[in-house]
Amino acid sequence: MKALHFGAGNIGRGFIGKLLADAGIQLTFADVNQVVLDALNSRHEYPVHVVGEQAQVDIVRGVNAVNSTSDDIIPLIAEVDLVTTAVGPQILERIAGGIAKGLIQRHDSGNTRPLNIIACENMVRGTTQLKGHVLKALPQQYHAWTEANVGFVDSAVDRIVPPSEAGTTDPLEVTVETFSEWIVDQTQFKGELPAIPGMELTDNLMAFVERKLFTLNTGHAITAYLGQRAGHQTIRDAILDEKVRAVVQGAMEESGAVLIKRYGFEADKHAAYIQKILGRFENPYLKDDVERVGRQPLRKLSAGDRLIKPTLGTLEYNLPNTHLVTGIAAAMHYHSEQDPQAQELAEMLSRLGPQATLAQISGLDANSDLVAAVVKAWNAA
């Protein structure tokens with residue numbers, strides 16, 4: 001089995017690429033970082049530091065790389081069995097044109113073996129969005145063939161991969177936590193379902209997408225925003241602050257109540273899942289900066305993301321949301337000199353005030369009780 005993976009960054013190398021290579025799949029990375037590409041093609045292997053109670057260094061072997069903006073990806077897409085991505089939600093549209101060209105060559109060469117494409121991004125149904133970009137770039141006469149032969153498989157991914165340690169000289173070295181979860185929608189595959197250790201198949205993907213979004217992502221973001229307000233540098237320091245932890249755990253319990261109502265998750269098992277997430281935030285080997293985790297606040301405050309979406313669920317089921325409201329207010333206080341979205345948020349707050357700013361970013365009714373509650377919490381923070 002052959003695979004092409006877009007994105008040779010920390011998540012690409014430390015999570016999805018590692019799982020594929022460990023499964024014995026012939027793996028090619030596609031990226032734009034020439035230093036990383038040269039290192040991969042020179043060494044064909046790289047170290048992954050898996051940190052936690054059972055710390056170890058795994059060597060991922062047998063890999064190579066191509067530039068994702070070059071024509072080198074076209075014959076690969078025409079031949080491989082699997083295409084995966086870990087490039088960031090905003091980059092999916094940029095790689096769609098190259099994928100479309102590869103599909104044209106695959107069609108024209110008469111290759112009718114099933115191809116499955118999986119976007120492994122921190123977003124809801126990212127592969128469906130990638131499919132839309134690909135079809136837009138693909139001439140109409142290839143659409144029916146693509147629908148018949150190419151599976152666009154949505155997935156939910158979960159692994160904390162912090163930036164590399166300062167001072168490391170190896171461009172390929174990456175650190176990851178022990179925990180990982182890659183859940184894919186088995187109903188969207190073409191051909192036989194792949195057997196890849198670490199990939200879990202489900203016919204109810206949205207339950208797991210929202211479980212991760214409403215728990216890990218919600219908790220991680222609120223830890224970062226409250227942690228920054230409290231003067232903490234890292235996620236670990238923030239979650240060890242009892243005041244921060246109480247709000248984070250409360251918010252995850254509020255979002256969890258939505259999941260239990262919506263998908264029938266068992267309350268005791270979900271409570272254990274929340275405790276596992278809190279334990280991951282405490283991992284002393286993951287030095288994750290609150291400013292990094294909190295970046296892109298406009299996206300994280302949008303209607304379908306980790307703060308507003310679970311809060312809308314509490315309104316739908318008439319459930320409490322006090323801690324989620326506190327988290328949303330903290331997100332509106334986020335600041336970073338390195339993040340354009342943080343700068344834009346600050347400018348909007350200065351120009352429009354908190355009520356109109358939140359309504360514009362989130363799509364909430366400016367005159368709703370929810371917005372009023374967030375504004376009250378923002379003023380009190």
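**Exercise 1. List what His270 touches beyond residues up to four places away in sequence, and place His270 in the fold.**

Step 1. Setting aside residues up to four places away in sequence, His270 touches Arg211, Thr215, Met252, Gly256, Leu259 and Ile260. Contact means heavy atoms within 4.5 Å.

Step 2. Note the basis. This is a predicted model, in which local features need pLDDT of at least 70 and side-chain atom pairs count only at pLDDT 80 or more, while totals for chains, interfaces and linings use all residues. Residues are numbered from 1 along each chain as its sequence is written, and side-chain values use heavy atoms, with hydrogens and water left out.

Step 3. His270 lies in helix H10. Helices (H or I, at least four residues) and strands (E, at least two) are DSSP runs, numbered from the N terminus.

Step 4. Buried or exposed? His270 is buried, at a relative accessible area of 5%. Buried means under 20% relative accessible area, exposed over 50%, and partly exposed in between (1.4 Å probe, protein chains only).

**Exercise 2. Describe how helix H9 packs on helix H10.**

Step 1. H9 covers residues 242-263 and H10 residues 267-281. Their axes are 10 Å apart, at an angle of about 145°. Axes are lines fitted to C-alpha atoms, for helices over the stretch in contact; angles run from 0 to 180 degrees between N-to-C directions.

Step 2. The crossing of H9 and H10 is right-handed. A crossing is right-handed if the near helix is turned clockwise from the far one by less than a right angle, left-handed if anticlockwise.

Step 3. From H9, the contact includes Arg245, Met252 and Glu253; from H10, His270 and Ile274 are among the residues met.

Step 4. By class, the contact of H9 with H10 holds eight nonpolar, four polar and two charged residues. Ala, Val, Leu, Ile, Met, Phe, Trp, Tyr, Cys and Pro count as nonpolar, Asp, Glu, Lys and Arg as charged, and the others, Gly among them, as polar.

**Exercise 3. Classify the packing of H4 and H5.**

Step 1. The axes of H4 (residues 92-108) and H5 (residues 126-137) come within 8 Å and cross at roughly 60°.

Step 2. H4 and H5 are therefore oblique to each other. Angles under 35 degrees count as roughly parallel, over 145 as roughly antiparallel, 65 to 115 as roughly perpendicular and the rest as oblique.

Step 3. The crossing of H4 and H5 is right-handed.

Step 4. H4 contributes residues including Leu92, Glu93 and Leu103, which meet H5 residues, among them Gly126 and His133. The classes in this contact of H4 with H5 are nine nonpolar, three polar and one charged.

**Exercise 4. Sort the residues of strand S7 by direction.**

Step 1. In S7 (residues 115-119), five of its five residues are buried.

Step 2. Leu115, Ile117 and Ala119 point one way; Asn116 and Ile118 point the other way. In a regular strand the side chains alternate between the two faces of the sheet.

Step 3. S6 (residues 82-85) pairs with S7 in the parallel sense over four bridges. Leu82 has Asn116 in S7 as its bridge partner.

Definitions and conventions:
Two strands pair if DSSP finds at least two bridges between them.
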